[in-house]
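Morning, everyone. I have one structure to show today. Let me put it on the screen.

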Amino acid sequence: MLPGLVRNAHRIHDYITELMSENGATFHFKGGLLFPKMDMLVTCDPININHIFNKRFSNYPKGPEFKKIFEILGDSIFRADFELWELHRRATLSVINQAGFYTLVEKTTWQTVRTGLFPVLDHYVLEGTEIDMQNILDRFAFDNTCRLFFNHNPCSLSKDLTNRVRCEKALSEAVEPLLHRHIWPESIWRLQSWLNIGNERTLTEASEAFDEFFHRRIISMEEDNGYYTANNKVNVYAVFKKVYEESCGNNIDFSGDLRRFLKDTFLGLLIAGRDSLSTTLTWFFWLLAENPFAETKILEEIESVLSLSSHENPSFFGVEECKKLVYLHACLSETLRLFPPVALELKSPVEPDILPAGGNNNNNMKVEKNTKIVISFYSTGRMESVWGKDCLEFKPERWILAGGGLRHEPSFRFPAFNVGPRSCPGKEMSFVEMKMLAVAIVHRYRVRLVEGHRVSTRASVILKTKHGLKVKLFPRKDA
């Protein structure tokens with residue numbers, strides 16, 4: 001099987017999906033005699049996902065393999081298990097549940113749209129030149145997340161797209177080498193790391209960029225601590241500083257001092273805020289371009305719900321108005337089903353277990369302690385056994401009930417925001433930001449794909465497009 005994996009490394013997500021379809025959504029991958037440590041179990045079956053992430057949650061931490069692969073994330077919530085993960089989750093929820101948090105999300109997002117996004121997009125409309133919408137959305141989400149959590153605008157979104165903030169660029173570059181660590185034997189990527197070449201050099205440079213960026217942010221936040229209280233701002237620094245100091249004597253094994261913990265934590269917040277927003281909307285605009293009927297319905301809903309005609313600029317709207325945008329929510333959910341931002345997860349059982357779905361002609365499958373288990377969220381959304389014969393079609397209507405309400409799917413069938421206790425605490429915030437940004441762009445511009453531009457998935461842990469999303473923008477008022 002290893003030669004097939006290597007041959008298809010450039011299209012790994014679709015290759016895994018093909019294997020899943022042929023093998024009943026679960027199969028054993030064998031590394032062979034040369035690479036026995038490459039043996040792994042791969043699944044996308046909702047029954048197994050529910051078992052691993054819900055029913056037997058405590059038996060399936062991230063595990064040692066995940067921690068080795070994602071060592072760049074340090075003590076962030078994405079890499080944490082057990083007590084450290086619980087600490088992160090409690091602290092993150094306390095931030096999100098602070099009075100005024102969603103008001104801040106609304107104001108920050110609209111400010112970044114008006115002062116950052118619109119001037120840049122208007123510039124390229126006037127020039128009549130094509131742009132990479134994925135690049136634009138990455139920069140927008142980076143700036144917006146930094147403003148929201150760190151009270152800092154790095155200004156990565158500007159008319160000069162040749163210049164990039166080093167940290168923002170590193171976030172885009174690190175995702176492919178991290179996937180390659182899943183594919184290639186550890187001995188190979190460890191050798192690359194020792195020689196400081198190839199993908200591992202990219203990761204080393206990314207780590208340095210993260211350290212530099214967050215060192216400056218943490219020092220600034222230490223100096224401005226009183227500002228947050230005086231101006232009723234959400235104080236992320238104070239929340240995580242407090243939980244670190246309270247937990248130091250509670251047998252939690254931090255990998256470094258307070259500043260190292262804050263750096264890892266803030267990196268996790270930045271990744272979560274940036275990639276869920278920019279990745280989903282990149283695929284959303286590609287799907288709209290391929291399915292113009294959906295764009296028409298979204299425009300009708302904007303005019304009806306927000307009372308906006310095609311000749312009016314969208315004024316401020318917030319959480320309550322977002323809840324009324326049912327068809328837009330369905331389009332975003334359908335995008336997330338087909339293109340979940342985090343394409344796969346890695347788990348490892350602490351004790352031997354039996355998975356309830358073992359693939360073709362097998363009702364269960366035994367897994368030994370420390371078995372490497374890869375869960376493909378990307379494949380789950382593309383299984384005919386889960387979503388029906390039209391699983392590969394973009395059909396927002398599948399998310400709308402006969403009475404006009406939104407259909408709910410359990411997270412083990414729709415794992416775009418992870419599953420069970422590990423479900424993303426910022427899911428509602430993500431939908432608010434995505435709807436605000438989608439409305440702002442769809443209402444103001446016609447987004448059209450550049451003729452001949454091919455769009456495909458990139459071989460990375462975050463499901464980016466391989467060659468960006470090349471588009472031309474036209475003012476909606478000229479339609």
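This is a predicted model: local features need pLDDT of at least 70, side-chain atom pairs count only at pLDDT 80 or more; totals for chains, interfaces and linings use all residues.

**A sheet, then a helix pair**

Start with strands E1 and E2, the latter at residues 40-43: they run antiparallel and are joined by four bridges.

Now zoom out to the whole sheet. It is open, with four strands in the order E1-E2-E7-E4. The pairing is mixed. Which strands stand at the edges? Strand E1, residues 26-29, and strand E4, residues 344-347. Each has a single partner strand, so one side of each lacks a neighbour in the sheet. On average, neighbouring strands are turned by 20° against each other, ignoring direction.

Something also packs on this sheet. That is helix H3, residues 46-55. H3 touches E1, E2, E4 and strand E7, which spans 373-376. The direction of H3 makes about 120° with that of E7.

Next, the helix pair. Helix H14 covers residues 292-305, and helix H19 covers residues 427-444. How do they pack? At an angle of about 105°, with their axes 10 Å apart.

Who makes the contact? From H14, Glu295, Ile298, Leu299 and Ile302. From H19, Val439, Val442 and His443. By type, the residues of this contact split into five nonpolar, one polar and one charged.

That's my tour. Over to you.

Methods: Residues are numbered from 1 along each chain as its sequence is written. Side-chain values use heavy atoms; hydrogens and water are left out. Axes are lines fitted to C-alpha atoms, for helices over the stretch in contact, and angles run from 0 to 180 degrees between N-to-C directions. Helices (H or I, at least four residues) and strands (E, at least two) are DSSP runs, numbered from the N terminus. Contact means heavy atoms within 4.5 Å. Ala, Val, Leu, Ile, Met, Phe, Trp, Tyr, Cys and Pro count as nonpolar, Asp, Glu, Lys and Arg as charged, and the others, Gly among them, as polar. Two strands pair if DSSP finds at least two bridges between them.
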